[in-house]
Amino acid sequence: MSLSLTMILSLLFTLLESARLYGLQSHATMESQLMLESQMAQYHPGIYEQYGIYLLECNQGDVLSMAGVDANMQSLGMENLRGGNREWNGSTINLYALNLAQCHVVQKQVVTDEKGAAFAKQAADYMKSRLLLSAVEGLYEHAEEMGQLEESTGDVDDYLSQADTALRDPEAANQAAQMQNPVGETQQIPLVPLEDDFENPIEYVKDLKNSAVLAQVLGDVTEVSNQKLQEKGDLLHRDLYEGNYPVENPGATEKLLFKEYLLEKFSDYTKPRTESVLQYELEYIICGENSDKENLTKVVERLLALRELANYVTLHQDPEKVSLAHTMALAIGGISLNPVVIQVIQEGILAAWAYSEAVQDVKILLNGGTVSLYKASGDWGCNFQKISESTYETECVGEDATETGLGMDYQAYLRMLLYSTTEKKLAMRTLNLMEQYIRRTEGNLSFRMDCMVSAVTVNLVYEAEPLFFGLYGSGEGWNRNYQFVRIKKFSYYK
């Protein structure tokens, strides 16, 4: 009976130790998750408060180092498991006593890896709860069309240049046209009456284009911000630390949401942020120059080119305006010119009108108004026969017509420019802007974006002593501690 009881107890304690072993494994998994989340909850508060992004700072003396994270997690683990010593406490004992033997970050993902891919994905996550995807897709319905327009913007300037050349040397233009079209057959366009003192728009617009771009749309440029970035040692001009955690590039939907994040979180000319490094942040993110003035100039140049081409296309679809351009071409060039030359001058006049209207369009956008991508006949604001009088008017028919909410505002045009810029450029410029902003806050003078971690893989090793082995012959020959290895991953984005 004693021998039988010994065998039964040995089996019983072996089964108890086996059950305990499964419990220890579950306890190790739970503690690993709790420990890792506790560590990653120590994200940088300044970045989160200003930009809504979670990042863990791992900057030790301007060096990316995970030693502090390892030590902190080791300390957290020991504190959580402190009550796990196998000591009797009255009539109870901790059956799942564990000891954290090792804790080490084996993979880390820096927010600047893969040109800011992790940042773009987290920004997209931020916007998912704030916008309907269908609404975002609708916002970009004109983006591809705008991209095609931007690729063709140089053609309109060519028409203006060719017309100016024809007017300066009509005899040479006539001879060249005669060789190309000796019969002189062209489409018949009806004539319309002209004002007695109508202007030559080609000459006027040629001079207008030679003036400073910002002066064309703003007049007085003294109010434009002169703030600049410090390029020395910034994110875009230094060697960056890199992580070894795999990074996935954002998908098509995430790219759209990322651009909406930029529009929500960063300022522009119409809504400047005086406390930031640059007042016109979106213009910098799009163009990448180091001063507000340079970035605004480049954005205005692109908007002028886009509006010029869109206006030129619209003019060609309006027979009345084409007739007026043809009549003016005959009056300016003279009826003795070859019809082909008249056609060249006509196209130059249309191009001049398109540009003068573009100047007015951009002025409306910068003043907070709206302008449709393609205008209706009644939306035109400039007097085609007196361009010099209408180009610098503050109010015109076009502004009244486009402030009804039917057109697109300045931010909508910036959205189009964002669409035509690669996500990697947008992400890195944004991270550079964020870095320089945070450096200006208290206690962050040595802040580095390439020391900000967005995801980690941690290797944890736990040890536990046997409890029931050795009793009544159970666990015969087992005289070692258990080891449990857990590999856990954590990422701030999905």
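## Reading a helix crossing

A crossing of two helices is called left-handed if the near helix is turned anticlockwise from the far one by less than a right angle, and right-handed if the turn is clockwise. By that rule, the crossing of α14 and α15 is right-handed.

## The model and its overall make-up

This is a predicted model, in which local features need pLDDT of at least 70 and side-chain atom pairs count only at pLDDT 80 or more, whereas totals for chains, interfaces and linings use all residues. Residues are numbered from 1 along each chain as its sequence is written, and side-chain values use heavy atoms, with hydrogens and water left out.

The chain's secondary structure comes to 19 helices and four strands, where helices (H or I, at least four residues) and strands (E, at least two) are DSSP runs numbered from the N terminus. Of the 494 residues of the chain, 50% count as buried, a term that means under 20% relative accessible area, with exposed meaning over 50% and partly exposed lying in between (1.4 Å probe, protein chains only). Among the contacts in the chain with a separation of 6 or more, 82% are between residues 24 or more positions apart, a contact being heavy atoms within 4.5 Å.

## Helices α14 and α15

The axes of helix α14 (residues 319–333) and helix α15 (residues 339–366) come within 8 Å and cross at roughly 120°; such axes are lines fitted to C-alpha atoms, for helices over the stretch in contact, and the angles run from 0 to 180 degrees between N-to-C directions. The two helices are therefore oblique to each other, given that angles under 35 degrees count as roughly parallel, over 145 as roughly antiparallel, 65 to 115 as roughly perpendicular and the rest as oblique.

Residues of α14 that take part in the contact include Leu324, Met328 and Ile332, and those of α15 include Ile345, Ile349 and Trp353. By class, this contact of α14 with α15 has twelve nonpolar, three polar and one charged residues, where Ala, Val, Leu, Ile, Met, Phe, Trp, Tyr, Cys and Pro count as nonpolar, Asp, Glu, Lys and Arg as charged, and the others, Gly among them, as polar.

## Leu460 in strand β3

Leu460 is found in strand β3 (residues 452–464), and at 1% relative accessibility Leu460 counts as buried. Leaving aside residues up to four places away in sequence, Leu460 touches a set of residues that includes Ser32, Met73, Leu100 and Phe484. Leu460 and Leu100 are 360 residues apart along the chain, and their C-alpha atoms are separated by 7.4 Å.

## Salt bridges

The structure holds 20 salt bridges, each defined as a side-chain nitrogen of Lys or Arg within 4 Å of a carboxyl oxygen of Asp or Glu. Lys128 is partly exposed, at 43%, while Asp125 is buried, at 17%.

Lys209 forms a salt bridge with Glu308, the closest N and O atoms being 3.1 Å apart. Because Lys209 lies in helix α9 (residues 201–209) and Glu308 in helix α13 (residues 292–316), the pair ties together parts that are 99 residues apart in sequence. Asp361 and Arg307 also meet in a salt bridge (3.1 Å, N to O); Asp361 lies in α15 and Arg307 in α13, so this pair ties together parts 54 residues apart in sequence. Asp361 is buried, at 0%, and Arg307 is buried too, at 1%. Salt bridges that share partners join Arg238, Glu435, Arg439, Arg448 and Asp450 into one network.
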